[in-house]
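Notebook open, structure loaded. I want to go through a few spots and write down what I find.

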Amino acid sequence: MVYLAPSILAADFSCLAAEVKRVEDAGAEFLHIDVMDGHFVPNLTLGPLVVKALRPHSRLKFDVHLMIEEPERYISLFAQAGADYLTVHGEATPHIHRAVQMIKSLGLKAGVALNPATPWEGLRYVLGDLDLVLIMTVNPGFGGQAFIPGVLPKIVELKAELARIKSRCLIEVDGGINSETAKACVQAGAQVLVAGAAVFANPEPAQALKRIRQAVSEGELE
């Protein structure tokens, strides 16, 4: 199954709860929440207080993506705020195993994100502990960037390795996802699709999500 995860980075922050309700009503399964610190990536977004404020307004799985340095310092705060999945960057901490175990000890699903130029092989010894690997298909920091097709072979290789170790870990992709690129990602092995501008910039997000899902279904039949 393929899951859709609209990213609130592209939403209208003046009415965020209403924006979340629109994509939930449209059939999304996850809500992708990008947290940026202005250090690991060149942008600032939001913190645990926003996650906590949104939690009572949605039944979606909160997929919180920490694009921050020293993520271990904030894991418990986002757990308390209502995250379901918590993803840290493999490049942001030298102690990725420790961070993953912290997340799981708090009852959350643990994910690790990788920038486009980062090989997946660095996760070989923690793959068995992961619930999700997020493959960035743009360089993180800003929404609306163009998809990097050179990342697709990494998805294929990671999918093969997860099958080899019999892992149920999900592969998520984030960056430049629309109806065209979503199809290519799913054919490569992705199962969770993060889409920001393609959904929230559309006056009818339900139609945008429908087009992505339809394109994915057609790709699966090929």
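**A190.** I started with A190, which is in the loop between helix 6 (179–188) and strand 8. For the element labels, helices (H or I, at least four residues) and strands (E, at least two) are DSSP runs, numbered from the N terminus. I'm working on a predicted model, where local features need pLDDT of at least 70, side-chain atom pairs count only at pLDDT 80 or more, and totals for chains, interfaces and linings use all residues. Residues are numbered from 1 along each chain as its sequence is written, and side-chain values use heavy atoms, with hydrogens and water left out.

Is A190 buried or exposed? A190 counts as buried because its relative accessibility is 4%; the cut-offs are under 20% relative accessible area for buried, over 50% for exposed, and partly exposed in between (1.4 Å probe, protein chains only). Leaving aside residues up to four places away in sequence, I found A190 touching I155, I171, V173 and C185 (contact means heavy atoms within 4.5 Å). V173 is 17 residues from A190 along the chain, and their C-alpha atoms are 6.6 Å apart.

**G90.** Next I looked at G90, in the loop between strand 4 and helix 4 (96–105). G90 is partly exposed, at a relative accessible area of 27%. With residues up to four places away in sequence not counted, G90 touches I96, V112 and A113. I also checked G90 against T118: they are 28 residues apart along the chain, with 8.6 Å between the C-alpha atoms.

**Aromatic rings.** How many aromatic pairs does a search of the whole structure find? I got 2. Rings of Phe, Tyr and Trp (its six-membered ring) pair if their centres lie within 6.5 Å; planes under 30 degrees apart count as stacked, over 60 as edge-to-face and the rest as tilted.

One of them is Y3 with F30, edge-to-face, at 5.6 Å centre to centre and 65° between the planes. Y3 lies in strand 1 (residues 3–6) and F30 in strand 2, so this pair ties together parts 27 residues apart in sequence. Y3 is partly exposed, with a relative accessible area of 25%, while F30 counts as buried at 4% relative accessibility.

F30 also pairs with Y85: the ring centres are 5.3 Å apart and the planes are at 55°, so I logged this pair as tilted. Because F30 lies in strand 2 and Y85 in strand 4 (residues 85–89), the pair ties together parts 55 residues apart in sequence. Y85 counts as buried, at 11% relative accessibility. I noted Y3, F30 and Y85 as one aromatic cluster.

**Charge over a ring.** I found the charged end of R55 over the ring of F62, 3.6 Å from the ring centre. The test is NZ of Lys or CZ of Arg within 6 Å of the ring centre and within 35 degrees of the ring normal.

**Positive phi.** Most residues other than glycine have a negative phi, so I went looking for exceptions. E70 has a positive phi, near 50°, and is not a glycine. E70 is found in the loop between strand 3 (61–67) and helix 3 (75–81) and counts as partly exposed at 45% relative accessibility. K166 is not a glycine either, and its phi is positive at about 60°. K166 lies in the loop between helix 5 (152–164) and strand 7 (170–174) and counts as exposed at 74% relative accessibility.

What volume does the largest pocket have? I get about 300 Å³. A pocket here is an open set of points on a 1 Å grid over the protein atoms alone, where a 1.4 Å probe fits, with protein on both sides within 12 Å along at least five of seven lines; lining residues have an atom within 4 Å of a point. The volume is the space filled by probe spheres set on the points.

The largest pocket is lined by 24 residues, with G143, G144, D174, G175 and G176 nearest its centre. Strand 2 (30–36), strand 8 (192–195) and helix 7 (197–200) each supply at least two residues of that lining. I sorted the lining into 13 nonpolar, 9 polar and 2 charged (Ala, Val, Leu, Ile, Met, Phe, Trp, Tyr, Cys and Pro count as nonpolar, Asp, Glu, Lys and Arg as charged, and the others, Gly among them, as polar).

The second largest pocket comes out at about 170 Å³. Its lining has 13 residues, with V35, D37, I68, E69 and Y74 closest to the centre.
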